[in-house]
Amino acid sequence: MNETQVLVFLLAVSVGAIAIGGVLIARRGGLDAERFEVPVRCRDGHVFTTVWVPGVSLKAIRLGPVRFQWCPVGEHRTFVTLVPWSRLSPEERWMAAHNHDSRVP
Ligand SMILES: [Zn+2]
């Protein structure tokens with residue numbers, strides 16, 4: 001195999017893997033965004049839920065455990081951090097459950 005044939009082979013394998021992965025995800029009913037939906041708190045104290053997939057973020061700038069993204073409560077761009085449900089007060093749980101940002105990770 002020359003270099004071009006190797007590249008064509010690798011491209012074909014990559015396209016095939018993506019197609020198979022798409023079919024498997026579609027058969028499972030699509031991505032389960034709710035599984036990755038977690039409460040976060042912004043710097044101003046607003047609490048809301050967001051889709052937080054480790055290693056993936058299309059709507060936020062990741063800075064380790066902190067992300068810079070849109071806060072739908074205060075309608076501003078800010079830094080947010082994960083907050084476990086157990087550390088939220090009843091009022092904050094209500095606020096998180098009723099305020100979501102987009103379903104894009
Ligand atoms: Zn906020």
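How many bridges join strand S1 to S5, and in which orientation do the two strands run? Three bridges join S1 (residues 37-42) to S5, and the two strands run antiparallel. The legends below describe a predicted model, in which local features need pLDDT of at least 70 and side-chain atom pairs count only at pLDDT 80 or more, while totals for chains, interfaces and linings use all residues. Residues are numbered from 1 along each chain as its sequence is written.

View 1. Strands are DSSP runs of E with at least two residues, helices are runs of H or I with at least four, and both are numbered from the N terminus; two strands pair if DSSP finds at least two bridges between them. Cys 42 has Val 80 in S5 as its bridge partner.

**View 2. The S4 and S5 hairpin.** Strand S4 (residues 66-71) is joined to S5 by six bridges, again in an antiparallel arrangement, and Trp 70 stands opposite Arg 77 in S5. Four residues lie between the two strands of this hairpin, and Glu 75 in the turn has a positive phi of about 50°.

**View 3. Helix H1 and the confidence of the model.** In pLDDT, the predictor's confidence in each residue from 0 to 100, helix H1 (residues 3-27) has the lowest mean among the elements, 54, whereas strand S5 (residues 76-82) has the highest, 95. Over residues 17-25 the pLDDT is below 50, and beyond near neighbours in sequence this stretch has two contacts in the model, a contact being two residues whose C-beta atoms, placed from the backbone, lie within 7 Å. Where pLDDT is low, the predicted coordinates should not be read in detail.
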